[in-house]
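Try each task before you read its solution.

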Amino acid sequence: MKMFLVALLAVMAIFVILCFVTVKSRKDNVELKRWILALLSCGIISIIIYFFVILSKTYESGLIFINLYMAMLIWFMVVMLKYTSEYTGVLKNTGMARKVAFVLYVADSCNMILNIFFKHAFDIMQVEWNGELFYDICSLKVPFFLHFALVGALECIILYMYVKKINSVPKFYKSKYAMVLVSFIVILMANIISIFNSFPVDSSIFLYGIASVAICYFSLIFIPKGLEKKTLSYLVAEMSDVVCVFDLWGKCVYQNETAKKVLKDEKFARLTYDYFSNWIENRKDKSLKEECWDDVFDYDGISVYFECRYNKIIDDNNEEIGFFFVMHDRTEEVEEFKRRHYRMAHDELTGLYRREYFYQNVEIALRDNSEKDYYLVCSDITEFKIFNELFGQERGNEVLKSIARGISHNYKKDVYGRISGDAFAWLVPAERYNENQLIQFIKEIENEFSSNLYKMRIAVGVYKIQDYSEPAYVMCDKCRMAIDSITNEYSRSVIYYDEKILEKSHNEKRIVGEFEEALKSGMFKMYLQPQATKDGKVIGAEALVRWEHPDKGIIAPNEFIPIFENTGLIWKLDYYIWEQAAIKLKEWEDEGKKDWYISVNISPDDMYHVDIYSAFTGFVKTYGIDPKMLKLEITETVFIKEKETHKILINRLRDYGFEVEMDDFGSGYSSLNMLKEIKVDVLKLDMGFLQLDEKDDETGKRSWDIINMIIGLAKVLGLKIVTEGVETQEQVTKLSEMGCNIFQGYYFSKPLRIEEFESKYDL
């Protein structure tokens, strides 16, 4: 009998050890695995101790091993409690209670160990069972019952945790906890039976092996695997992709919920199944286990895009038992890509191609139609920034949209796009190009948006393409060169690119390239055009500039000033002339000639590149000149942008002592409005009014009436009047009679080199 029990215990120990090794090798929940290992360790130790209890032949050895077994039992229950808490998540955060319980566990263990020496809890005696002797406990005392109560309390807490957890989880998870609970209850029942029957051996010890296997399996294997299968099944059933499984003979044996919904339409279902069948029959590589591709189904006029995937189903013997198709609906994704691509390719405001996509499509069209002749056309709105400042950006956007509509209407079969802020371009086959149609289209836009305040002008450059391998942006640049060549020719709206324009462009680049050296070496010279009274007495001069080139001689301002304005270099030249004027005033003052002033021009670009106030006050301080002798001429176009800021600047300059002149009065967009808002000292009248004087008597009279009114207005406002562009004695006489007393123009003198000016007027 003893040998049978020992053998049974050995088998149980082996089971527990195998479970220990299995758990040790797994990579599951680390915290839970730690307590399962602790539980199995307690089980192994308990079995080994009880192994010696059964084999004990003396009273002393029996007493020692039975007490050790009792002490080990409490720790087995403690570990079982901790494992259960970790496994169920119930009663995990009980800090103080855990410390108190730990003290009780230690005290109970000591109680059992001390019983070996004092026998204060129980004693043992030898009993006979079926002819064999065993040691069993007897003489139970209060400390033993305390031990029994502590164990019972632990068992109740463990039972409570499992019951609570089972009641709070979904049905799928109940078995995860119920099976471990059943194993635990079986052990408890075996313990109770052992206490109340006459069998001298604790029968519950034989259930440790079975319980260990159950705990390991249901904690770390059964439910995770079951959950994995359930999850996979759920995902396949509920996933948004179409999943169809076929057997080896092509019969559909499974469809997920999405497939059932999508394939409800028999026509579409038949289309899909035929597609699958044809693909299987016509596939090139029969051994292929899987493949992915994109395809589109045209169904009732609607394109449905799918990403398709084919997989063979292989069994454990590596034999094909069927296959399945997964179809991922990419329709929304494709449509979104198309929308995103459209937004990338098309200008948001006008709906036309953006610059880069226009270039790409031009090059594609030329490559695919190399046998045709083409024109590239570019349009540009002259001074569109001023239009936006006058009428607002919203009105400016209306202009752009109107041009875009006109282009898409007149050139609907062609390639067109918006290549910059107010510039458009389109590619037209020579067979459809019509200059009259183009001019008519331009005039319609100009008339729609022109007013008394602003005359809209659209310039168009046309390039007949010669080299089809030329980049599209280079072709557009040639159109731009053509446009730039007619910047000041208001009677022309369409200009064709030719080699002369290219030569002019190269010349402009040379001029820009020589600017810095010319400025550094003093090639730019300040010329002075005198300002005089009606009897010819010179009282001052306007500073102008000429380029004295060592090879080309004197270059007139109209050949380089517009170029420097367009390239942003004009401010450097202006600053240089300002300083030359200040230096010359200082020289005159040192020579005792303090009554002569010099007027200098301030352009709109100067306002954005130079601190005007600091610059001019700096000249006064550096050269010690009277600020009234350095007069500042500002055109009214300066005030189109940032009017309030520039008004403050003008007031500061006048407060410092400078006299400010409003230059070219009458030639701008809003002279009277500017005169009302901007405080100046001098009104410089543009003699462009008098150009029709000798050609048309009626118009000439009207011009003189307007000039008379302006001079009268200046008198009322307390402003001095300087009239520039005076060419005849008759003009001087009429202007004098009207009240003008300062004149400038070729009647008195052309602009002179400083040496000539000083020699002529005895300075």
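**Exercise 1.** Find which residues L573 touches, not counting residues up to four places away in sequence.

*Solution.* Take a touch as heavy atoms within 4.5 Å. L573 then reaches F515, L519, F524, V545, F560, I561 and F564. Next, look at the largest nonpolar core, which has 84 residues; such a core is a set of buried Ala, Val, Leu, Ile, Met, Phe, Trp, Tyr and Cys residues joined through side-chain atoms within 4.5 Å, where buried is under 20% relative accessible area (1.4 Å probe, protein chains only). L573 is among the members touching the most others, along with F524, F560, F564 and F616. Helix α18 (residues 570-590) gives this core its largest share, 9 residues; helices here are DSSP runs of H or I, at least four residues, numbered from the N terminus.

A word on the source: this is a predicted model, with local features needing pLDDT of at least 70 and side-chain atom pairs pLDDT 80 or more, while totals for chains, interfaces and linings use all residues. Numbering starts from 1 along each chain as its sequence is written, and side-chain values use heavy atoms, leaving out hydrogens and water.

**Exercise 2.** Work out whether Y50 is buried or exposed.

*Solution.* Start by locating Y50 in helix α2 (residues 30-55). Its relative accessible area is 6%, so Y50 is buried. Finally, check a distance: 9.9 Å separates the C-alpha atoms of Y50 and G62, 12 residues apart along the chain.

Methods
Buried means under 20% relative accessible area, exposed over 50%, partly exposed in between (1.4 Å probe, protein chains only). Helices (H or I, at least four residues) and strands (E, at least two) are DSSP runs, numbered from the N terminus.
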